[in-house]
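Thank you for asking me to look over this model with you. Please keep the structure open beside these notes, so that each point can be checked by eye.

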Amino acid sequence: MPHEIIAPGTVWLVGAGPGDPDLLTRKAERLIAAADIVFYDALVGPGVLDLIPDSVERVGVGKRSGRHSKDQGTIDDLIVAAALAGKRVVRLKGGDPSVFGRSAEEIAACGVHGIPVHVCPGITAASAAAASGALSLTLRGLARSLTLVTAHARAGEPLDLDWAALARPDATLAVYMGRAAAGEVTRELIRAGLAPETPVMIAVNVSLPDERLIRGRLDALSFLVRAVGANDPTLLLIGAAMGAAEMRGVAEPATEGAFASAG
Ligand SMILES: C[S@@+](CC[C@H](N)C(=O)[O-])C[C@H]1O[C@@H](n2cnc3c(N)ncnc32)[C@H](O)[C@@H]1O
């Protein structure tokens, strides 16, 4: 694979998608193959990592809920040092780098040293989850907008979210990193006026062999989420479009037998 796609001493932030290597862009695959070094997150799928040639140095900087193997400053420093050493650097991030991916910090750190940075987008978890459930995130008459939020808060602190703005009956809400906070999300959305029977879908390990899609209603969310392991990447999708009957009729499980229906 030619190296030309990455110049020495430059950094590419590359979206790895939700896990399935077939959901990687062709450009991402070329960048991985052309790199001298790849820094990758814990959420990058094993099939994607298999695409990194043996000749390419790989460094896991894995971050997963509650388990940060390297802090963001250290990751920034590693990327910068590799680029300043003249390497072709790929920073491989789960999903899309621009969605709760801290890409801005890495771009800024490179900028301080005059290192050229480029971004290759990836499929974000919300898109992949909707695809697996054969659902539409926006839906005429039911979901006029899509909001992406993170429910990751500092330990012991409440979520700093504008619940009144989020509790819209005509919108889809995608909650990243929301497993632990599912109870608070449910309480606050209902308190802000969202109907308890609003459809939800809990999407776990989307696009991977152990994918699970759990459907139900908002007031059962914190109960349903108990079936999900603490380390399984989990996305909460909330809104009328998640229960659209006409879409459900065409939905097929992405992985046979992995489609759990509840509520
Ligand atoms: C730090 S955020 C990174 C999001 C990523 N940049 C994206 O665009 O999907 C990590 C969260 O993304 C969601 N996520 C990522 N991959 C997922 C997957 N395969 N299945 C379900 N949720 C996923 C989960 O909510 C997880 O806690």
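The numbered points below go through the sheet, one of its residues, the ligand shell and a further pair of strands.

1. A word on the basis of these notes: this is a predicted model, in which local features need pLDDT of at least 70 and side-chain atom pairs count only at pLDDT 80 or more, while totals for chains, interfaces and linings use all residues. Residues are numbered from 1 along each chain as its sequence is written.

2. Five strands make up an open sheet with parallel pairing, and their order across it is β3-β2-β6-β1-β7. At the edges are β3 (57-60) and β7 (117-120), each of which pairs on one side only. Strands here are DSSP runs of E with at least two residues, helices are runs of H or I with at least four, and both are numbered from the N terminus; two strands pair if DSSP finds at least two bridges between them.

3. Within this sheet, β1 (residues 11-15) runs parallel to β6 (residues 89-93), and five bridges join the two. Leu 13 stands opposite Arg 91 in β6. Helix α1 (residues 26-34) packs on the sheet, where it touches β1, β2 (37-40), β6 and β7, and its direction makes about 135 degrees with that of β1. Such angles run from 0 to 180 degrees between N-to-C directions, with axes fitted to C-alpha atoms, for helices over the stretch in contact.

4. Is Arg 91 buried or exposed? Arg 91 counts as buried because it has 30 C-beta neighbours inside 10 Å, the cut-offs being 20 or more other C-beta atoms within 10 Å for buried, 12 or fewer for exposed, and partly exposed in between, with C-beta atoms placed from the backbone. Not counting residues up to four places away in sequence, Arg 91 touches several residues, including Trp 12, Phe 39 and Glu 106, where contact means C-beta atoms within 7 Å. Arg 91 and Trp 12 are 79 residues apart in sequence, yet their C-alpha atoms are 6.0 Å apart in space.

5. The ligand is surrounded by 22 residues, and the closest are Gly 95, Val 99, Thr 124, Ala 125 and Val 206; a residue is near if its C-beta atom lies within 6 Å. Domain 1 (11-120) and domain 2 (125-261) both give residues to this shell, so the ligand lies between them. The domain bounds come from an automatic or database assignment.

6. Strands β10 (199-204) and β12 (234-238) each supply at least two residues of the shell around the ligand. Six bridges join β10 to β11, and these two run antiparallel, with Ile 202 opposite Ile 214 in β11.

Note on methods. Two residues are in contact if their C-beta atoms, placed from the backbone, lie within 7 Å.
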